[in-house]
Amino acid sequence: MSGKIRQYFRDKKEDVQDYTGGSGVIGKFVLAVLVVYLLVTIVLGMYWSSEPDTFSVRDHTRTLANTMEREPVTGFATTATMIRIAETLLDKPGGYISNDIFPPGLWLDNMPNWEYGALVQLRDLSRAMRKDISRSQSQSAEDPDLTIAEPQLHFDSESWAIPSTEAEYRRGINALKRYLNRLSDPAQADAQFFARADNLGNWLADLETRLGSLSRTLSESVGKASVSDAVANLDPDDPLSEDIGGEDVKTVWTRIDDVFYEARGSAWALLHIFRAIEVDFRKVIVDKNAMASVKQIIIELEGTQESMWSPVILNGSGFGLLANHSLTMAAYLSRANAAISDMRDLLSRG
């Protein structure tokens with residue numbers, strides 16, 4: 001038996017040698033290059049998959065204001081934070097990965113989902129900036145730079161050429177920089193940032209639905225009954241009848257890590273955005289007694305960014321032996337969403 005095994009591996013070795021051109025120098029060189037290439041892409045893939053660290057919004061605002069030799073006026077922190085988030089997507093290790101067509105970026109899926117989560121929050125805020133925050137009323141003209149930045153950030157996130165996603169996002173970043181320059185320039189009064197309760201409330205309403213959807217999708221890692229099916233099967237004429245539930249909705253196991261990292265990227269961006277909002281909207285937040293809600297949101301979002309000690313996203317049952325990272329993330333986002341709901345209620349009061 002052992003002789004047959006040795007003969008089997010000897011035959012396989014000869015097959016490889018024949019495929020690579022025998023034991024010649026060229027065949028060995030090609031094989032060595034392939035091995036080195038695979039090792040390099042594996043190491044690069046691990047490095048590129050590392051998530052960007054959080055940064056201090058206040059320190060970044062002060063530093064940028066000093067560099068520009070400007071005063072950090074209302075709206076400076078929020079705009080500067082948007083620019084920093086967008087630049088992080090493009091300039092982090094490996095650059096922007098979602099549109100890569102070659103290894104190792106082609107093989108990665110966690111980081112592209114992280115990028116998409118952060119990008120969605122950046123898009124929503126840019127739309128709120130263009131639609132509400134930079135305008136005094138519904139009949140006011142839109143800011144010329146924000147009308148460029150908002151659609152540029154909504155460009156296809158997976159276009160790799162003609163035009164590339166990176167080039168289009170750079171145009172959006174440059175437009176935000178021009179807006180920030182005009183906003184902080186005392187000689188120019190055409191750029192505005194209205195830190196009002198109604199403007200903030202409109203953005204929070206959109207955010208509430210975003211986080212609600214993310215929380216639901218994360219919780220479906222263990223399967224959840226379909227609410228729409230339960231309502232459709234309800235008998236309105238017999239309140240004592242047994243409910244006929246539908247099939248459980250459960251995330252496909254190959255998508256569990258994708259959903260998790262999308263939520264983690266979204267929470268990373270939101271953490272910095274709320275820190276900026278705490279600066280720019282401080283007056284209205286204090287006036288409406290909503291500072292406790294803001295602090296609670298920031299605390300919950302900080303919890304989503306704790307270090308991952310597991311090499312894979314675990315999907316244990318709700319009360320099982322193994323952890324369920326998706327449910328942990330959903331819990332943080334749900335508590336943040338509850339604080340957002342409280343904050344909206346406070347902002348809407350007179």
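User: Where is Ile-162 found?

Analyst: Ile-162 is found in the loop between H6 and H7. Helices here are DSSP runs of H or I with at least four residues, and strands are runs of E with at least two, both numbered from the N terminus. This is a predicted model, in which local features need pLDDT of at least 70, side-chain atom pairs count only at pLDDT 80 or more, and totals for chains, interfaces and linings use all residues. Residues are numbered from 1 along each chain as its sequence is written, while side-chain values use heavy atoms, with hydrogens and water left out.

User: Is Ile-162 buried or exposed?

Analyst: Buried means under 20% relative accessible area, exposed means over 50%, and partly exposed lies in between, with a 1.4 Å probe and protein chains only. Ile-162 has a relative accessible area of 84%, so it is exposed.

User: What is the phi of Ile-162, and which bond joins Ile-162 and Pro-163?

Analyst: Most residues other than glycine have a negative phi, and most peptide bonds are trans. Ile-162 is not a glycine, yet its phi is positive, at about 50°. The peptide bond between Ile-162 and Pro-163 is cis, with omega about -15°. Pro-163 also has its place in the loop between helix H6 (146–153) and H7.

User: What is the phi of Asn-289?

Analyst: Asn-289, although not a glycine, has a positive phi of about 60°. Asn-289 is in the loop between helix H11 (282–287) and H12. Its relative accessible area is 64%, so Asn-289 is exposed.

User: At what angle do the axes of helix H4 and helix H7 cross?

Analyst: Two packed helices are described by the angle between their axes and the distance between the axes. The axes are lines fitted to C-alpha atoms, for helices over the stretch in contact, and angles run from 0 to 180 degrees between N-to-C directions. Helix H4 (residues 76–91) and helix H7 (residues 165–183) have axes that cross at roughly 160° and come within 10 Å. H4 and H7 are therefore roughly antiparallel to each other. That term applies to angles over 145 degrees; under 35 is roughly parallel, 65 to 115 roughly perpendicular, and the rest oblique.

User: How do the residues of the contact of H4 with H7 divide?

Analyst: They divide into 12 nonpolar, 1 polar and 5 charged. Ala, Val, Leu, Ile, Met, Phe, Trp, Tyr, Cys and Pro count as nonpolar, Asp, Glu, Lys and Arg as charged, and the others, Gly among them, as polar.

User: At what angle do helix H5 and helix H8 pack?

Analyst: Helix H5 (residues 110–133) packs against helix H8 (residues 197–219) at about 150°, and their axes are 10 Å apart. H5 and H8 are therefore roughly antiparallel to each other. The residues of the contact of H5 with H8 divide into 6 nonpolar, 3 polar and 5 charged.

User: Which residues does Gln-305 touch?

Analyst: Contact means heavy atoms within 4.5 Å. Not counting residues up to four places away in sequence, Gln-305 touches Glu-51, Thr-54, Arg-264, Ala-267, Trp-268 and Leu-271. The side chain of Gln-305 reaches the backbone oxygen of Arg-264 at 3.1 Å. Gln-305 is found in the loop between helix H12 (291–304) and helix H13 (325–348). With a relative accessible area of 17%, Gln-305 is buried.

User: Where is the place of Leu-327?

Analyst: Leu-327 is in helix H13. Leu-327 has a relative accessible area of 26%, so it is partly exposed. Leu-327 and Ser-215 are 112 residues apart in sequence, and 8.4 Å apart in space from C-alpha to C-alpha.

Definitions and conventions:
Polar contact = N/O pair within 3.5 Å; in protein donor to acceptor, adjacent residues only side chain to side chain.
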